[in-house]
Amino acid sequence: MARLNLRGVKKRFKSTEVLHGIDLDIGDREFVVFVGPSGCGKSTLLRLIAGLDPISEGEFMLNGRRMNEVHPSQRGIAMVFQSYALYPHMDVYENMAFGARLMGLSKTEVEARIAQTARMLQLEPLLKRRPRELSGGQRQRVAIGRALVRKPEVFLLDEPLSNLDAALRSEVRLEIARLHREIGGTMIYVTHDQVEAMTLADRIVVMNAGRIEQVGSPRELYETPANLFVATFIGSPKMAVISAERTGNALAVAGATVPLARLPAGDGSLRIGIRPDAIRLQRTPTEGSIPATVVYTEYLGENAFVYARLVDGTLVGIRTTPNDLYEPDASVGLLLDNDAIHFFSAQDGRRLPA
Amino acid sequence: MSTVTTTYSDRPGLIATLGRDGLIQIILIANTFIMLAPIVIMIFSAFKTTPQIFASPFGIPDFTNLVNFSRIWTQTNFLQYLINSFVVTGASMALILTLGTMAAYALARYEFFGAGFILMFFIAGLTLPLKLAIIPLFMLMRDLGILNNQLSLIFVYTAMGLPTTIFIMTGFIRTLPNELEDAARMDGASEARIMWSIMLPLVRPAMVIAGIQNVVPIWNDFFFPLVFIQNDRLKTLPQGLTTFMGEYSTDYGVLYAGLTLSALPIIIIYIVLSRQFISGMTSGAIK
């Protein structure tokens, strides 16, 4: 059992406030991913939960118990660090035994736990090696093993894949997903990579500039982003954001008038967000399509993306089939799929219901 | 695509390569001779009589002639001096390394008011010629009642050694990743345990450097014992050996024999620790 509640958590370093009041509830056995650009405070928030930095204001509860003043090792939380932070002068066995021994476990219990963990992570042949004799992926497994041996209720993972190469990354990602299924603890995972967030998370917490922008399942974030930040952060290629003006049942967009059935209430200016799969390309622009000029085409095998520039200068990514490629500087028309358009307020970037 | 063709101009010139490496080798070999020459002359002279030394300073002596060494043994308290030197140097080094490492760890890792000032204070100590303060130091030791007492030497040497030690160690500890200590904290280690089990093994190369840096001047110091110690039973080696430096005649052979014996422990320590010393100097250079 592990439920985490954060209530108005703030963090200040000297006079700069880096977290401006975080409210978040995390349920038992949940896999939560904090995602955001670098410097958004996601790692800081993780360190507050771990207890490595003191909380300046607000409250952190674990299973209903206030944790603000509890020592990191007494919280039942284990952490996997970005650099793995393996003790360089100890072999793999000692690295895992260090924390277990400090918990006051008996010698046989320590041995049993390490044996079990080593089996689960296939570390058995490596137990007598020093960290410097291990590959990146092996070090990563040892770092996870060291956390597992302590049998914590909550696992914190701070960008655990950022030091691995691309091929290994997807492999370890699967491994982490499998581990979460097997051991079933609550996991909090920090990354700036939205693919990791989308593939691993039960719920994603999108952070920006010390605030939570949105909390939701990967599908919710993709399909109903709460604001422009989340909309452009999740999804690749990025969602294109275009300024538009509503009059009646039509939208004036980048030198064209597009009649739309589904629109948010009220006339006036707004911003529309279009993902690459919400647009159809026309070789010859027709009535109701937005004129654009092709800039370049990305061929990816099963897909292709065409990037086109609108009259107002916005660059829009469009998904097409690999058989439907366009030459640079070709004039095309963009036909919008009304149901897939996201509407945002022109003032504060918030999502407008339509 | 995969075939790599090497044209003549791609290859570094054979002569150029050999020439540069060869030059470096020559300089290094010459340097080795320059460094070893005084030591060799010292050892050679230890087996010669004073007239022999002046007649042929570089001549190879008769190594079976141990008269000088036996005179040292019989005519001075050599063993006593040696023990005194060990006591003074050992105690000073223990204090320097313990206090220095602890201070450096605190300065490098904990944020507290005045940390920067304290570090500057210690580093300023590097620039202070302690010998200039000999008269106040003498009065201080007299008032503390530790003149003619090895404590006076140990205190002065500790004060002398701390600036370099703290300077070297603070810099080194700052290069170690913070996450290691965070990991140990998550594992439930106390601050003292982190220092002992995690940091200490990692800073050992820097401690060896700081140690060698300090042990040589302390072991060889002549000035402070000369001022603070009058009792023959408390004299250190360099001081004790002056028995053979008379006002009218100096027995150089015996003096060199004493020097050889007194240099021996340091040379042995250096050889034993040199692997750590070198790894400490290059750590951080290669990542």
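In this predicted model, eight residues of domain 1 of chain B are in contact with seven residues of domain 2 of chain B. Helix 1 (14–46) and helix 2 (50–55) of chain B each put at least two residues into the side of domain 1 that touches domain 2. Helix 1 of chain B gives the largest share of that side, with four residues.

Now over to chain A and its strands. Four of them make an open sheet in chain A, and the order runs 2-1-4-5 with antiparallel pairing. At the edges are strand 2 (16–26) and strand 5 (65–66) of chain A, each pairing on one side only. As a reminder, strands of a sheet pair through backbone hydrogen bonds, either parallel or antiparallel.

Here are some of the strands of chain A with their residues:

| Strand of chain A | Residues |
|---|---|
| Strand 1 | 4–13 |
| Strand 2 | 16–26 |
| Strand 4 | 57–62 |
| Strand 5 | 65–66 |

How many bridges join strand 1 of chain A to strand 4 of chain A? There are five bridges, and the two strands run antiparallel.

Key:
Residues are numbered from 1 along each chain as its sequence is written. Chains are lettered from A and ligands numbered from 1 in the order in which they are written. This is a predicted model: local features need pLDDT of at least 70, side-chain atom pairs count only at pLDDT 80 or more; totals for chains, interfaces and linings use all residues. Two residues are in contact if their C-beta atoms, placed from the backbone, lie within 7 Å. Two strands pair if DSSP finds at least two bridges between them.
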